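The sequence and structure come first.

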Amino acid sequence: MCGIVGYIGGRQAFPVLLNGLRRLEYRGYDSAGVALVDGSGSLKVYKCRGKVADLERFTDSKDVGGTIGIAHTRWATHGEPNDVNAHPHYSQSGNIAMIHNGIIENYSVIRDALSEHGYTFQSATDTEVLVQLIEYIRNTSRCSLLEAVRSALKRVVGAYAIAVVEKDNPDEIIAARKSSPLVVGLGDGEYFLASDATPIVEYTDKVVYVGDEEIVHICRGRELKVMNLDNEQAQIDIRTLELSINQLEKGGYPHFMLKEIHEQPKTIVDCIRGRIPADGSEVVLSGVVANKEKFMGARRIIIVACGTSWHAALIGERAIEDMCRIPVEVEYASEFRYRNPVISPDDVVIAISQSGETADTLAAVELARNAGAFIFGICNVVGSSVARATDSGAYIHVGPEIGVASTKAFTGQVTVLTMLALTLAREKGTVRDEKFRSVAKGLVELPSLIEKVLSQDDKIKDLSKIFTYAHNFIYLGRGYNYPAALEGALKLKEISYIHAEGYPAAEMKHGPIALIDSEMPVVAIAPDDHIYEKTVSNIQEIKARKGKIIAVVSEGNAAIHSLADYCIEVPVTEECLSPIVVSVPLQLLAYYIAVNKGRNVDQPRNLAKSVTVE
Ligand code: F6R
């Protein structure tokens, strides 16, 4: 939700900022803007509704000189996406400019108070209120900009990652964060600032992840200073990035999403590397092994997540209960945090988040921490807030996911959850050795199975043309593949804007079957598993009502052809791994339908990759 970038150093800031915004556009694309301070002490702000490319056009032939600046790409919360509400926002005098990612919850109280002191507001945003407050404090207390920011932040309630620059001050950026991410890149005589490391990696691999409620004082030619809101100096922990610039490019694919779908054979290899030997004889998830007494003593496991990560959690629930016989509950983080749940110190809470920045998931982690539970994180983004807020965890190691619709992160999450279930099951002695090896070996073989599915790319592209103009879709699955049905439906709706629902196949007859007619495409996930025959009966019920059936079945299933209108065959694998294999064609189907409809696949409307607001 909103991307922020900053630069101070010897280069011209504008190209660095624009480049950074392009990398962060996945975080929001309602508007974009930049503030530059030049050597003569002038503060130039350019901003407009639309994407970074619109800002680029807007600034063409404008004066964008200056070696210090901040920039923003917006996902609107307060105030509609328009030029006025775009960031950066100015203070009343026009001396201070600020960008902000997050929400200031008490902004209306502060705005009312500032209005009484003669402040007026141009925008409908909470951000403008904060920058005005900073100026008010700076003027009335005659303090430094740093002190004014610190003092203002002590008065706000909410979440923020901010960066502030000032006219007549071409040597200083003040930045701070609470619950929204912020990274500082350390170059040679220059500093970079961003919501994540992707805008930084092409300049330096040395970064500092700013801690919660910390303020960063970035001064040209001086050492970085980090302090807390009480003005106490914080330890600076310089990390080395393990990110390469190639991972951030499309690599010849028309969209990041298609690239990421096709990367899955490799990302699964990366995910299991060093964790499972080729013969599947053992599984070592070090975060679990190091905390095995916590898991062994767990009364139950609660998994908190949102969206696609929540779907992965449902698959994890099935695997852990099946193999480890530990009760598992899966919760939407946004519901969990507000419903006074019963959590005890002998519960283990697993938080799943690709970005590691999802506000609701972070709040659920906080709640679990206060209740004394042991918290385990499953994240993709290294050093992210969830990764740091949890007691231990496992990264999925699938590389940066830039397409807004999650694909390779989902399959990585299910892979890690399966490894977690296997590790615990062996430790508890609740899984037969033969089954253990067969699932572990199944994980090792997954990349080649996914390659086989991906070789049907053209076939799925052809199939997509038949359904491009459907108004609704239903996805059905049972057991491990009920979550796969939910995920298939989510992929389709978020990028094509076609209404789609996922259901447990047998649940149809309790109501939703009323929707079935000859216009309704139904994706029926029915690989060979212990409930295959039951799923086929459910497909029969759809067929009897003339629904159009697209069946996702195991290779060589000839019988289904008489029942289904269209078939996608996937390789046979262990039942608990089938959601990974069946999800790949569903990702492709959603992708091609969205492309046929001319949708912006990587940046679908109203969405953002990292949901840092609740
Ligand atoms: C869907 C999608 C979202 C995310 C959700 C949670 O394709 O990407 O539903 O899964 O916003 O995000 P993370 O996993 O970053 O916490």
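The model is predicted: local features need pLDDT of at least 70, side-chain atom pairs count only at pLDDT 80 or more, and totals for chains, interfaces and linings use all residues. Residues are numbered from 1 along each chain as its sequence is written, and side-chain values use heavy atoms, with hydrogens and water left out. Helices (H or I, at least four residues) and strands (E, at least two) are DSSP runs, numbered from the N terminus.

**The ligand site**

There are 15 residues around the ligand, and S309, S353, S355, T358 and E494 come nearest. A residue is near a molecule or strand if one of its heavy atoms lies within 4 Å of it. By class, this shell has five nonpolar, eight polar and two charged residues. Here Ala, Val, Leu, Ile, Met, Phe, Trp, Tyr, Cys and Pro count as nonpolar, Asp, Glu, Lys and Arg as charged, and the others, Gly among them, as polar. Helix 10 (307-324) and helix 17 (481-496) each supply at least two residues of the shell.

| Residue | Protein atom | Distance to a ligand oxygen |
|---|---|---|
| V404 | polar backbone atom | 3.3 Å |
| S406 | backbone N or O atom | 2.9 Å |
| K491 | side-chain N or O atom | 2.9 Å |

On its own the ligand has 400 Å² of accessible area, and the protein covers 90% of that. Accessible areas come from the Shrake-Rupley method with a 1.4 Å probe; for residues, only the protein chains shown count as cover.

An open sheet of six strands has the order 5-6-7-8-12-13, with antiparallel pairing. Its edge strands are strand 5 and strand 13 (225-228), each of which pairs on one side only. Two strands pair if DSSP finds at least two bridges between them.

Strand 6 (residues 96-104) and strand 7 (residues 158-166) are joined by nine bridges, and the bridge partner of N101 is A161 in strand 7. Strand 7 is in turn joined to strand 8 by five antiparallel bridges, with I162 opposite A176. The hairpin of these two strands has two residues between them, and D168 takes a positive phi near 65° there. Six bridges then link strand 8 to strand 12 (residues 214-219), where V216 stands opposite A175.

How much of strand 8 (residues 169-178) is covered? Eight of its 10 residues are buried. Buried means under 20% relative accessible area, exposed over 50%, and partly exposed in between (1.4 Å probe, protein chains only).

Strand 22 (residues 521-526), helix 18 (residues 532-544) and strand 23 make a right-handed β-α-β unit. A crossover is right-handed if, with the strands pointing away from the viewer, the path from the first strand over the helix to the second runs clockwise. Six bridges join strand 22 to strand 23 in parallel, and P521 has K548 as its bridge partner. Strand 23 also runs parallel to strand 24 (residues 566-570), with five bridges; S554 is partnered there by V570. Of the seven residues in strand 23 (residues 548-554), six are buried.

**Single residues in loops**

H255 lies between strand 14 (238-240) and helix 6 (256-262). H255 is buried, because its relative accessible area is 18%. Its side chain makes a polar contact of 2.7 Å with the side chain of Y591.

S281 lies in the loop between helix 7 (264-272) and helix 8 (286-289) and, at 19% relative accessibility, counts as buried. S281 and E128 are 153 residues apart in sequence and 58 Å apart in space, C-alpha to C-alpha.

**Backbone exceptions**

Most residues other than glycine have a negative phi, and most peptide bonds are trans. S61, however, has a positive phi of about 70°. S61 lies in the loop between helix 2 (52-59) and strand 4 and is exposed, with a relative accessible area of 76%. N340 has a positive phi of about 50°. This residue is in the loop between helix 11 (333-336) and strand 17 (347-353), and N340 counts as exposed at 71% relative accessibility.

H87 and P88 are joined by a cis peptide bond with omega about 5°. P88 is found in the loop between strand 4 (68-74) and strand 5 (89-90).

Conventions:
Polar contact = N/O pair within 3.5 Å; in protein donor to acceptor, adjacent residues only side chain to side chain.
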